[in-house]
Amino acid sequence: MECLIDLRDTGDLPIDAQIAGIPIVVRHSRMALSCGLDGVTIVAQTAEHEAIRQLLFKQLPAAFKVQTATSKPQGEFVVVAFEKVYTRDRFSKLVDGQDDPLFTVRTQADLAQAKRLVLRSLNKSVAEDGVMGALVLRPLCRPLTRMLAPTRATPNFVTLLALLFGIAAAVCASLGTASLYIASGICLFINAILDAGDGDLARLKVQGSKFGQWLDSLTDDFTTAMLLFGLGIGLARGGQPEWWLWYSVAAGALAILVALKIYADLHRWNMPIDSSRYPWFFSTPQTAPKQSSIPSKLMAPILFIFRRDTYITGIAVLLVLGMPKSIIVILSSATAIFATLYILHIIVTKLKKDPAHPGFGWNIGYLGAKDFFTAINLAGGIAGIYFVAEGNVSYAAYALFLGFILGDSLDGRIARLTNTSNEFGARFDASVDYLTQSIIPALIVLVGFNQLGHPTLGATAMAFLVTSSCLREARANTASFNYSLTYCGLPRTISGLVAMAFPNSNLYLEFVPIEVLVLIVALLSILNLVPIPYMTHKGRKMQGYVKFAVALFLLGPPILIFTYPEFVWDYVATGLLMYALFAWLPIHPEERKDFWLEYKRWIGELQTK
């Protein structure tokens with residue numbers, strides 16, 4: 001089917017009338033091309049045919065048939081009124097038989113209003129474009145879009161211009177000086193603005209193409225990889241260990257490989273080459289009713305972080321602040337998470353298609369989705385053991401803390417939300433927790449205090465942690481304490497994390513004697529075994545001030561890591577000590593009564609076994 005544009009009666013408008021620098025005839029013709037029509041026939045007076053051909057010269061590909069006529073030819077056409085203005089979506093509806101123009105231009109004065117509406121139609125919602133994209137980057141790129149609209153500049157030109165600034169950011173980062181880190185951050189931010197501008201220009205000039213999508217996506221990932229390479233080179237040039245270079249190269253290469261595979265999938269499915277459109281296993285199909293599934297709710301925060309507008313703006317700020325190591329850690333961690341997510345996606349989708357799994361849920365045999373997060377906690381523990389063996393208690397503590405945040409804090413929630421709770425998962429989680437929240441923190445305390453010149457005190461703290469944990473684990477394996485609204489005694493997570501925080505702290509080591517810190521660890525270890533009802537997050541509605549305290553604790557470490565990293569462990573230790581001191585207070589009287597009834601039953605069962 002072809003498009004027909006009738007120019008025999010344009011009213012007060014000349015045939016070359018423009019909206020936002022683009023002739024209306026050219027705009028309609030490009031709309032027809034983008035909607036898959038075979039060609040365009042323009043009906044006009046004979047004297048205007050040459051002017052029309054000049055107007056469309058080199059504006060459309062040679063394969064797209066363009067012809068002029070003095071009257072409407074025979075056949076079926078999508079008829080477009082010259083004076084009506086459409087967006088791409090509205091023109092697509094016209095092809096389907098639904099005429100719903102954005103605006104109708106009748107006079108010269110209407111052209112200015114049409115321009116405002118067309119430019120406004122370029123805006124995207126925060127949900128579509130991200131917070132930074134919708135509120136910062138796109139408004140900043142809009143003047144450039146307006147300036148380039150009447151020129152011969154194409155969206156691909158803007159994409160390549162963005163790539164040049166991305167390469168400049170990587171080159172500046174590779175030189176490794178403070179002033180050039182600032183220049184790198186500025187170049188990267190300009191890259192982000194231009195990255196928003198190429199899409200705006202494509203929609204305004206109706207020049208979107210599959211090649212442009214590929215070029216835009218690949219240059220984005222190439223920029224990120226080049227920045228990682230540049231940061232690694234800069235650190236190596238500055239005298240840092242050479243492994244930073246190879247680590248950044250590996251992370252950049254992995255990022256490109258995963259991105260290429262995702263883009264290949266999108267191309268094979270004839271979808272836009274945009275990773276934000278990828279149909280993940282937890283996504284709700286577009287044909288399904290609009291509702292938020294449990295997996296999509298869980299993954300929404302992760303996908304928000306992976307939005308380019310979000311992380312590139314954050315990386316640009318960190319570059320200006322001169323924090324290359326933090327950037328490499330963030331980008332490499334994000335790449336690892338993204339690669340893991342894609343592997344999980346492949347596994348899940350394969351199982352969904354497997355006729356041997358007609359009732360597919362979230363299990364592979366006795367393994368469930370929650371065990372993947374327990375494995376993340378275990379990976380943090382393994383990394384912790386390695387770093388302790390190397391004598392690096394700081395890295396060991398960070399490895400354990402990341403394992404706790406990304407793994408242990410989520411596995412129980414995942415088990416409940418995906419209905420994959422089972423006895424194996426409970427045992428696996430308990431075994432990993434015993435390792436990561438007791439044994440390895442005890443080793444960190446031992447090595448950390450030994451490095452500070454207090455081997456005996458370190459051994460004492462280790463002994464308390466290991467002993468209390470063994471007793472607690474033995475009690476739990478002998479008889480189950482079945483009251484989900486409270487813990488029986490201080491969770492070993494608290495005592496373990498506080499203990500490993502002390503040798504890595506700044507203020508505690510400066511102002512508190514080592515003997516007092518060991519005494520605190522001993523008291524926390526004893527609280528692991530004392531029948532005090534500490535509140536849990538399971539099955540309860542928390543008070544407002546409790547929610548605020550939890551949010552404040554969770555937000556603190558990531559902020560401090562990028563601002564005052566030397567105080568991260570002081571903050572963690574203080575927050576967890578506040579829990580140890582006060583988390584038994586919000587327990588309701590009815591809950592205390594139920595707790596003591598269950599405790600008496602439990603103790604009786606322990607004594608008889």
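## The second largest pocket

The second largest pocket is lined by 17 residues, and R30, Q59, P150, T151 and R152 are the ones nearest its centre. Two elements, β3 (22-23) and α1, each give two or more residues to this lining. The space in this pocket is about 360 Å³.

A pocket here is an open set of points on a 1 Å grid over the protein atoms alone, with protein on both sides within 12 Å along at least five of seven lines; a cavity is a set of points where a 1.4 Å probe fits but cannot get out, and lining residues have an atom within 4 Å of a point. Grid points are joined across faces, edges and corners, and a volume is the space filled by probe spheres set on the points.

## The model and the whole chain

This is a predicted model, in which local features need pLDDT of at least 70 and side-chain atom pairs count only at pLDDT 80 or more, while totals for chains, interfaces and linings use all residues. Residues are numbered from 1 along each chain as its sequence is written, and side-chain values use heavy atoms, with hydrogens and water left out.

The protein chain has 23 helices and twelve strands. Helices (H or I, at least four residues) and strands (E, at least two) are DSSP runs, numbered from the N terminus. The C-alpha trace spans about 105 × 55 × 45 Å along its principal axes. Of the 609 residues, 43% are buried. Buried means under 20% relative accessible area, exposed over 50%, and partly exposed in between (1.4 Å probe, protein chains only). Among contacts between residues at least 6 apart in sequence, 76% join residues at least 24 apart. Contact means heavy atoms within 4.5 Å.

## A four-stranded sheet

Four strands form an open sheet in the order β5-β4-β1-β6, with parallel pairing. The edge strands, β5 (65-69) and β6 (77-81), each pair on one side only. Neighbouring strands are turned by 20 degrees against each other on average, direction ignored. Two strands pair if DSSP finds at least two bridges between them. β1 (residues 2-6) and β4 (residues 39-43) pair over four bridges. C3 has V40 in β4 as its bridge partner.

Two helices pack on this sheet. Helix α1 (residues 24-34) touches β1, β4 and β6, and its direction makes about 165 degrees with that of β1. Helix α3 (residues 88-95) touches β1 and β6, and its direction makes about 135 degrees with that of β6. Axes are lines fitted to C-alpha atoms, for helices over the stretch in contact, and angles run from 0 to 180 degrees between N-to-C directions.

## Helix α17 and E473

Helix α17 (residues 455-478) holds E473. The helix has 24 residues and reaches 34 Å from its first C-alpha to its last, close to the 34 Å expected at 1.5 Å a residue. That expected span is 1.5 Å times one less than the number of residues. Its buried residues are G458, A461, L465, S468, S469, R472, E473 and R475. Their cover includes α16 (423-451), β11 (486-488), α18 (492-501), α20 (514-527) and α23 (589-608).

Why does E473 count as buried? Because its relative accessibility is 16%. Leaving aside neighbours within four places in sequence, E473 is in contact with A430, Y434 and R492.

## Enclosed space

There are two cavities of 30 Å³ or more. The largest cavity has a volume of about 50 Å³. N377, L400, F404, T436, Q437 and L497 line the largest cavity. Both α15 (393-418) and α16 supply at least two residues each to that lining.
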